[in-house]
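Biologist: Hey, can you walk me through this one? I'd like to hear about the contacts.
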Amino acid sequence: MNQVNATKMEKRMHARIRKNNILKVVFLLATLFGLAVLAVLLVRVITQGAAWLDWDFITGRLSTSADRAGIMGALLGTVWLMVVVIPVTLIIGVGSAIYLELYAKKGKLQSFIQTNISNLAGVPSIVYGLLGLTIFSRVMGLGNAVLAGGLTLSLLVLPILIVSSQEAIRAVPKYLAEASYGMGATKWQTIKNVVLPASLPSILTGAILSLSRAIGETAPLTVLGIPALLIPFPEGLFDTFTALPMQIYYWTLDSSLVKEYAYLAAATIIVLLVLLFLLNSVAIFIRNKFQQRY
Amino acid sequence: MPTNSGNHKQNAVNVREMIEEKRNSRNISNITEKLIPTILFIIASISVLTTIGIIYTLLSEAIEFFKIVPIWEFFTGTVLKPMSQNPEFGVLPLINGTIISSLIAMLVAGPIGIMSAVYLSEYATDKVRKVLKPLLEVLAGIPTIVYGFFAFTFVTPIIRSIFPEVEATNILSPGIVMGVMIIPMIASLSEDAMTSVPNAMREGSLAMGATKLETTFKVVIPAAFSGIIASFVLGISRAIGETMIVTIASGSSKNFTFDITQSMQTMTAYIVEVSGGEAAAGTTIYYSLYAVALTLFVFTLIMNLLARYVSRKFREEY
């Protein structure tokens, strides 16, 4: 009768365990690779840009000479974009989510709209740029004004906000609404007074995240022909503007001609990243502070 | 007595008014109850309108283009010279550039993404995962223009210092950086797929004496396969649609070549170049914008539908 060869068995077992341990380290290194690149990227941007980043840079006007150039125009442009994007996406995004979750009958129409939204989320941002160029700039005659850029970016981030708002509404337990109905409230009263307040923190978190996506976006703005020239500060929705990402784009492109432009681009990137970081911190704060678990 | 009856009368009027008021407000709230769903439906249909708008603008302008340049010539032409005296519009150089940059990106993001997913879902303790995963997702939140800057001013010089024959703008560097950008997407989608494999299956394998590694490769990954493939397809779709990194770091040469040390243009970068160059509406080059965008749109749409099909069709139910 053949018996198990203990030494041979042990040897093989050891080899298998060793393989397991080695690959565990490999997997860990792979995970850390992405983080290492992130660290290099941040360190690189900060070492290049920090020296150029001062109050004059932030409040200064655009200039062709690197020493005097500032980004106030781009900063204001980004703020104006937010002025358009925030109300438009909130109204359309939350409205669509309420309709899909609470009013639409489960059926063909509802699943059609739902499929449509998830397909829209996968459309490349540059295609939205062409849509904006055709509809907002040319047909509606908005040119490359704040409103055209803001509406284009709003359409771009809408799918994100609709889906996250839907999840927020779905997370509100049914019994809250039932209690409201039981007290004699109508459907809209229930939504207005019970469902929306309960889901507001999650909706706001999603809104901030989609907003931060919008202000980092460059491709649709390049299609709209947003300049980075010596233009006056935008003062309204119909003014020409430039935005932080566009400023970074032009300075990066021209960095092969004027070496200092690379540092200016890096300094602008720091401003943009700080802005995104602040927005995300607010989102996390809201989520942790106001989110109730039922 | 008269005062009393007067009081009485006043009260009666008040009650009647109150009833009237109540009825009116009920009417108003009835109207809002009926109006609100209609308004919300109109709002919700904006997303459908967006889709119709995209398809309509792309198709109508692309059809204008195909009236000037035959569709067959467009899709088989290997020469793209939109600015020259005798312009030629062959889209193959752009498709080639798009596919090559996406391939490079997936060669980086595929293996690293899936290894990260394995580590996060199978090996990492809860504590480690709670730190690593959000950090990894920061990568996905960085604007693509920043990656473009990074590729152009950091990665390209490094590649050129090792391989001097690489051009100042080349497809390799943006491809690699695009891969890094896609890692978190593949990692987190694959990890979701792996985490949803029930523990009973893992325990069965471990109880039979398999190591964690063997369990991962012979049980968990096959069980989560459809989700992993879907994450790859979505990654490719993301790479195809990515614009700023390739626009900045890969230049605008429209060569039909497979040499990754050279500059190549992707479909997205072409759109940026031509539209930023203020092509006058109505010219052939302006219409070519929409033909290229339509091609891009169809590419990404197919990828997205494929991803959904794969994850739905081949999902194992436990």
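Predicted model: local features only at pLDDT ≥ 70, side-chain atom pairs only at ≥ 80, totals over all residues.

Biologist: Which residue does B:Glu122 meet in a salt bridge?
Modeller: B:Glu122 pairs up with B:Arg202, at 2.8 Å from N to O. That pair links distant parts of the chain, with B:Glu122 in helix α3 (residues 92-123) of chain B and B:Arg202 in helix α7 (residues 199-207) of chain B, 80 residues apart.

Biologist: Are B:Glu122 and B:Arg202 buried or exposed?
Modeller: Both B:Glu122 and B:Arg202 are buried.

Biologist: OK, and what about B:Glu64 and B:Lys67?
Modeller: Their side chains form a salt bridge too, 3.3 Å from N to O. They sit three residues apart in helix α1 (residues 2-68) of chain B, so about one helical turn separates B:Glu64 from B:Lys67.

Biologist: Why does B:Glu64 count as partly exposed?
Modeller: Because its relative accessibility is 30%, and partly exposed covers the range between under 20% (buried) and over 50% (exposed). B:Lys67 has a relative accessible area of 62%, so B:Lys67 is exposed.

Biologist: Now chain A. Where does A:Glu217 find a salt bridge?
Modeller: With the side chain of A:Arg213, at 3.4 Å from N to O. A:Glu217 is buried, with a relative accessible area of 8%, whereas A:Arg213 is partly exposed at 37%.

Biologist: How far is A:Glu217 from A:Val94?
Modeller: They are 123 residues apart in sequence and 22 Å apart in space, C-alpha to C-alpha. A:Val94 is in helix α3 of chain A, and A:Val94 is buried because its relative accessible area is 12%.

Biologist: What is A:Val94 in contact with?
Modeller: Leaving aside neighbours within four places in sequence, A:Val94 contacts A:Thr89, A:Ser165, A:Leu196 and A:Ile203.

Biologist: And A:Gln110, buried or exposed?
Modeller: A:Gln110 is buried, at 11% relative accessibility. You'll find A:Gln110 in helix α4 of chain A. Not counting residues up to four places away in sequence, A:Gln110 touches A:Leu100, A:Ala104 and A:Lys105.

Biologist: Switching to rings. How many aromatic pairs does the structure hold?
Modeller: There are 16 aromatic pairs over all chains. One of them is A:Trp251 with A:Tyr261, a tilted pair with 6.4 Å centre to centre and 45° between the planes. That pair links distant parts of the chain: A:Trp251 belongs to helix α10 (residues 244-253) of chain A, A:Tyr261 to helix α11 (residues 260-290) of chain A, and they are 10 residues apart. Both A:Trp251 and A:Tyr261 are buried.

Biologist: Why is the pair of B:Phe74 and B:Phe75 edge-to-face?
Modeller: Because the planes of B:Phe74 and B:Phe75 are at 75°, and planes over 60 degrees apart count as edge-to-face. The ring centres of B:Phe74 and B:Phe75 are 4.9 Å apart. B:Phe74 is buried at 2% relative accessible area, while B:Phe75 is partly exposed at 35%.

Biologist: Which residues form one aromatic cluster with them?
Modeller: B:Phe65, B:Phe66 and B:Phe89 form one aromatic cluster with B:Phe74 and B:Phe75.

Biologist: What sits over the ring of A:Tyr103?
Modeller: The charged end of A:Lys187, 4.6 Å from the ring centre.

Biologist: Last topic, the interface. How many residues does the contact take from chain A and from chain B?
Modeller: The contact takes 74 residues from chain A and 73 residues from chain B. Together, chain A and chain B bury about 6300 Å² between them, with 78% of it on carbon and sulfur atoms.

Biologist: How many salt bridges and polar contacts are found across the interface?
Modeller: The rule finds one salt bridge across the interface of chain A and chain B. A:Arg16 and B:Glu214 meet in a salt bridge, at 2.8 Å from N to O. There are also 15 residue pairs in polar contact across the interface.

Biologist: Which helix gives the largest share of the side of chain A that touches chain B?
Modeller: That's α1(A), which supplies 23 residues.

Note on methods:
Residues numbered from 1 in each chain as written. Chains lettered and ligands numbered in written order. Heavy atoms only, no water. Phe/Tyr/Trp six-rings, centres within 6.5 Å; stacked < 30°, edge-to-face > 60°. Helix = DSSP H or I, 4+ residues; strand = E, 2+ residues; numbered from the N terminus. Buried < 20%, exposed > 50% of the residue type's maximum accessible area, 1.4 Å probe, protein only. Lys NZ or Arg CZ within 6 Å of the ring centre and 35° of its normal. Contact = heavy atoms within 4.5 Å. Buried area = accessible area lost by both parts, 1.4 Å probe. Salt bridge = Lys/Arg side-chain N within 4 Å of Asp/Glu carboxyl O. Polar contact = N/O pair within 3.5 Å; in protein donor to acceptor, adjacent residues only side chain to side chain.
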